[in-house]
Amino acid sequence: MTASVEDLSVAVAGGGVAGLATARALALNGAEVTVHEQAPAFAEVGAGLQISPNGMRALAALGLDEALRAVALPSQGARLVDGLSGRQIVAFAPRETTWLVHRARLIDVLKDGAEAAGALLRTGSRLSPDAEGADLLVGADGIRSAFRTAVDGGGEPSFSGQAAWRAIIRDPGGPPVTEVFLGPGRHLVSYPILGGFRNIVAAEDRADWTAEGWHHEDLPIALRAAFARFPDRVQRWLGEVEKVHIWGLFRHRVARRWADARRVLVGDAAHPTLPYLAQGANLALEDAVALARALAGPGREAYTAHRRDRAEAVVAAARANACRFHLSNPLVRQAAFAALRALDRVRPGAAGRQFDWVWEYDAATAPL
Ligand SMILES: Cc1cc2nc3c(=O)[nH]c(=O)nc-3n(C[C@H](O)[C@H](O)[C@H](O)COP(=O)(O)OP(=O)(O)OC[C@H]3O[C@@H](n4cnc5c(N)ncnc54)[C@H](O)[C@@H]3O)c2cc1C
């Protein structure tokens, strides 16, 4: 990265993945960066994240890929399983490694990286989109972004008709594989993370509205009841759940404007996505790298134009998965599973390669 961002003073709103990665990226270019996190600490709810190869390339551009590998497990691939019969539908062997990590460990890596690059981090500090004093304000303020409203205007999200539970359990066993159990109107994703833990994300179709946010607790018994017909292994995992959060999933449109004269959006503030492709944090890492490149070169318009196309494509692909994962009609389900098995026999691995364009992307070299 070049150093033409030097002398720019930058205030970042939000100390999540997007804000901390952007702070590191801009500070490495010589900008004077302060991150404002409204929460009293950089605390994270217990949850796992999958950092796919595109996210790892962004971390490599930030010089943080080794630090991430030290706190993550390399995934050996993914398996789709029929959630009712327990039979494997198809297995995917990745061309490149996805890393399974606790969210709090990723935040630690980014926080240390931002500070090491010279950024100042302030907790208990809420930044307004109208704040004065800095040359550039970065809106990394997440899914309900005030910066997005200021830059791009309103636009109410719509409830997707699905809610997701997230939980972490103690579970020392099991290979580092991502398993996706598909059932009628519901699915469950699970993978181990370093330190003898297992991440569980389970989504269910819902007629009713569930509040959007990380901090709504639910009863473990509700989660167990929703997946009572799933295989014994799943029942064992759910039996270990002591604390669970539930999150109503909303469809948001990708922001049309990502920047104005003084402000720029990164992460969920610009492009909230459904979690069905595990790309929200990966896109946020890409944003950080692309923004630093754009500011050092062609400017903010190039960042906006380029990133919007990419985010729209990924968000649309995640939406399409939302329907595929929850097929309810027994005949349609069995036909879909049979088609996947047949495709895998004829062209092994082909089903998994449909998303190569997501994972092969490199924010450090993609044309701006
Ligand atoms: C069920 C589920 C599973 C997921 N799994 C994956 C996965 O496997 N892989 C993946 O890549 N992504 C995944 N994601 C998505 C990912 O978690 C998000 O996309 C990512 O965390 C967004 O980061 P962010 O920094 O943009 O926003 P956030 O993490 O929401 O951070 C925003 C921060 O800004 C702070 N803030 C807000 N307003 C202000 C203000 N005015 N001033 C100061 N601070 C402010 C907030 O307190 C918060 O800390 C998943 C999401 C869900 C719901």
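This is a predicted model: local features need pLDDT of at least 70, side-chain atom pairs count only at pLDDT 80 or more; totals for chains, interfaces and linings use all residues.
Local features are reported at pLDDT of at least 70 and side-chain atom pairs at pLDDT 80 or more, while totals for chains, interfaces and linings use all residues. Residues are numbered from 1 along each chain as its sequence is written, and side-chain values use heavy atoms, leaving out hydrogens and water.

Helices (DSSP runs of H or I, at least four residues) and strands (E, at least two) are numbered from the N terminus. Two packed helices are described by the angle between their axes and the distance between the axes. Here the axes are lines fitted to C-alpha atoms, for helices over the stretch in contact, and angles run from 0 to 180 degrees between N-to-C directions.

Helix α1 (residues 17-28) packs on helix α4 (residues 103-116) with the axes 8 Å apart and an angle of about 30°. The two are therefore roughly parallel to each other; angles under 35 degrees count as roughly parallel, over 145 as roughly antiparallel, 65 to 115 as roughly perpendicular and the rest as oblique. The α1 and α4 crossing is left-handed, a term for a near helix turned anticlockwise from the far one by less than a right angle, with clockwise giving right-handed. On the α1 side, V17, L20, A21, A23 and R24 meet L106, I107, L110, K111, G113, A114 and A116 of α4. Contact means heavy atoms within 4.5 Å. This contact of α1 with α4 has nine nonpolar, one polar and two charged residues, where Ala, Val, Leu, Ile, Met, Phe, Trp, Tyr, Cys and Pro count as nonpolar, Asp, Glu, Lys and Arg as charged, and the others, Gly among them, as polar.

α1 also packs with α8, at an angle of about 30° and with the axes 8 Å apart. This crossing is right-handed. It joins V17, A18, A21, T22, A25 and L26 of α1 to A281, A284, L285, A288, L291, A292 and L295 of α8. By class, the contact of α1 with α8 has twelve nonpolar residues, one polar and no charged.

The largest nonpolar core has 67 residues, and V33 and L110 have the most contacts inside it. Such a core is a set of buried Ala, Val, Leu, Ile, Met, Phe, Trp, Tyr and Cys residues joined through side-chain atoms within 4.5 Å. The largest share of this core, ten residues, comes from α8. Not counting residues up to four places away in sequence, L110 touches V17, L20, A21, L59, L64 and L285.

Helix α8 (residues 280-296) has another partner in helix α9 (residues 300-325): their axes come within 9 Å and cross at roughly 160°. α8 and α9 are therefore roughly antiparallel to each other. The α8 residues in the contact are L283, E286, D287, A290, L291, A294 and L295, and those of α9 are R300, Y303, R307, R310 and V314. They divide into seven nonpolar, no polar and five charged.

Leaving out residues up to four places away in sequence, R310 touches N54, L283, E286, W357, V358 and Y361. N54 is itself among the buried residues of helix α2 (residues 53-61).

L136 lies in strand β9 (residues 136-139) and is buried, at 0% relative accessibility. Beyond its neighbours within four places in sequence, L136 is in contact with residues including V10, V264, L295 and R300.

Notes:
Buried means under 20% relative accessible area, exposed over 50%, partly exposed in between (1.4 Å probe, protein chains only).
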